[in-house]
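Dear colleague,

Please find below the structure that I am handing over to you, followed by an account of what was found in it. I would be grateful if you could read the account with the coordinates open beside it.

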Amino acid sequence: MTNDKDITTDTKPEAVKPSAGFKAVDALLILMMILPTAAGIALKVLFTPQSQGIEIKGALIYFTLNTPVQPLPIGESQVNSWLVMLTVTALALFLTHGIRAGVPTKRQYAAEWIVEKCEGLIGENMGAYFKGFAPFIGAMLILSALSSLMSLTGLFPPTSDLNTVAGWAILVFILITYYKMKCGPVVYLKSFGEPVKFLAPLNIISEFATPVSMAFRHYGNILSGTVISVLVAAGLGGLSESLFGSFGQTFPILRVGIPAVLSIYFDLFSGLLQAYIFAMLTMLYVSGAFPAEEFFRRHPEGIRNAE
Amino acid sequence: MLELAIGIILGACALGAGVAMIAGIGPGIGEGNAVAKACEAIGRQPECRGQVTTTMLMGCAVAETTGLYALVIAILLIFVAPGRLVNILMENVGK
């Protein structure tokens, strides 16, 4: 990537007029980014039953698949995470659409910036051996961030369902175990006897506590934001009714605007922070699980590959 | 009699949720300490601001875990446990 930039500094980039077909594909990709959210809202409007007042409830269930083992309910959290995946795919296609060596465009700079940031994050936190983790961590970051930000549009954020986050945490647990096994099962089993043999049960418990705490942390933060926002909205509705109800006004005037302030913290800040923390903990746990010294003692060629 | 039993279940669930949230004290104190120290560090070395802030947020999020366990327990006690317990009561006593 850096080579391409060097070339363009001496030769002025020629202005290429985008053809009509190029623009049409661009428009299609932008539509693909926006349409999933619109489709999600439409689905939610179609399926939400008539209700009075404010209530806290779980995800809606759109339909149930009949599998041989047991009925599989397809709910809001599954559908919304598929929509997020579509959006991310469209975003990636849009950023790399019409990418050419030597003629950088604005979106190419944006794409390069994202890739460089991800690789920098990996290099800083995991070391050179884990170079290949950059796409995984980047995908996890954007998936988690967009899932949490979905609550800004009024949709059910998939991350406030324990199942979604528990799935990611199990994936991380598998990765941790895989990298602990890198020097064979004997070294893996021995690692439970550290620092003293009789602490092995505690080590096994803490092994399983890692994915549980990761899942609960992400899920609890997003869910608590939802619960508190709903409680505040309900309280403001009651307050405005008792204050202005005697004037014959039924519209909950206090509910306008004030809950949005909470949304800045709970939806924007907390959602993005949890995405960052989930990715950060994944990196720390996975690189911490890898027995680097032992592995490089057995595979000296691995050091050269890593550097 | 059945009403009394259901009332006790609902009341005990609500009380249990309240008691569970006492765990919120710990993370509160811990995170307060972390932020205070981070402020001191930034005051001493303003050029490290970015790194100190990211490390502090990371530590805060990890320290928050116990509080979130309590939150999950409280939410289960409020939204899930009463229905389950009343169902069990109905199955065993109600008929």
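Within chain B, mean pLDDT is highest for helix 2 of chain B, at 94, and lowest for helix 3 of chain B, at 86. These values are confidence scores because the model is a predicted one. Chain B as a whole has a mean pLDDT of 89, with 98% of its residues reaching 70 or more. For chain A the average pLDDT is 83, and 89% of the residues score at least 70. The model scores are ipTM 0.72 and pTM 0.81.

One segment calls for caution. Over residues 1-11 of chain A, pLDDT stays under 50, and the model has seven contacts beyond four places in sequence for this stretch. Where pLDDT is low, predicted coordinates should not be read in detail.

Chain B

Chain B contains four helices and zero strands, so that its elements read α-α-α-α from the N terminus on. Its radius of gyration is 21 Å, whereas the globule rule gives 12 Å for 95 residues; chain B is therefore more spread out than a compact globule. The C-alpha trace of chain B spans about 70 × 15 × 10 Å along its principal axes. Of the 95 residues in chain B, 9% are buried. Among the contacts in chain B between residues at least 6 apart in sequence, 84% join residues at least 24 apart.

The two helices named at the outset also pack against each other. Helix 2 (residues 25-44) of chain B and helix 3 (residues 49-63) of chain B have axes 10 Å apart and an angle of about 170° between them. Angles over 145 degrees count as roughly antiparallel, and this pair is therefore roughly antiparallel. On the side of helix 2 of chain B, the residues that take part are B:Pro27, B:Gly30, B:Glu31, B:Ala34, B:Val35, B:Ala38, B:Ala41 and B:Ile42; they meet B:Arg49, B:Val52, B:Met56, B:Gly59, B:Cys60 and B:Ala63 of helix 3 of chain B. By class, this contact comprises 10 nonpolar, two polar and two charged residues.

Chain A

Chain A has 11 helices and two strands, and its elements run α-α-β-β-α-α-α-α-α-α-α-α-α from the N terminus on. Buried residues account for 21% of its 307 residues. Of the contacts in chain A with a separation of 6 or more, 69% are between residues 24 or more positions apart.

Helix 2 (residues 20-47) of chain A packs with helix 3 (residues 76-96) of chain A at an angle of about 170°, the axes being 7 Å apart. This pair, too, is therefore roughly antiparallel. From helix 2 of chain A, the residues in contact are A:Leu29, A:Ile30, A:Met32, A:Met33, A:Pro36, A:Thr37, A:Ala39, A:Gly40 and A:Leu43, and they meet A:Val79, A:Asn80, A:Leu83, A:Leu86, A:Thr87, A:Ala90, A:Leu91, A:Leu93 and A:Phe94 in helix 3 of chain A. This contact has 14 nonpolar and four polar residues, with no charged residues.

Two individual positions in chain A may be of use when you inspect the model. A:Gly132 is located in the loop between helix 4 (106-125) and helix 5 (134-149) of chain A. A:Gly132 counts as exposed because it has 8 C-beta neighbours inside 10 Å. The C-alpha atoms of A:Gly132 and A:Ile122 are 8.9 Å apart in space, and the two residues are 10 apart in sequence.

With 16 other C-beta atoms within 10 Å, A:Val232 is partly exposed. Leaving aside residues up to four places away in sequence, A:Val232 touches A:Pro259 and A:Leu262. The C-alpha atoms of A:Val232 and A:Leu262 are separated by 8.9 Å, although the residues are 30 apart along the chain.

Contact between the chains

Where chain A and chain B meet, 10 residues of chain A are in contact with 10 residues of chain B. On the side of chain A, helix 8 (200-244) and helix 9 (258-289) are the elements that give two or more residues. Helix 8 of chain A gives the most, with seven residues. The residues on this side of chain A divide into five nonpolar, four polar and one charged.

With kind regards

How values were computed
Residues numbered from 1 in each chain as written. Chains lettered and ligands numbered in written order. Predicted model: local features only at pLDDT ≥ 70, side-chain atom pairs only at ≥ 80, totals over all residues. Axes fitted to C-alpha atoms, helices over the stretch in contact; angles between N-to-C directions. Parallel < 35°, antiparallel > 145°, perpendicular 65-115°, else oblique. Contact = placed C-beta atoms within 7 Å. Nonpolar A, V, L, I, M, F, W, Y, C, P; charged D, E, K, R; others polar. Buried ≥ 20, exposed ≤ 12 C-beta atoms within 10 Å, placed from the backbone. pLDDT = per-residue confidence, 0-100. Rg over C-alpha atoms; globule rule 2.2 N^0.38 Å.
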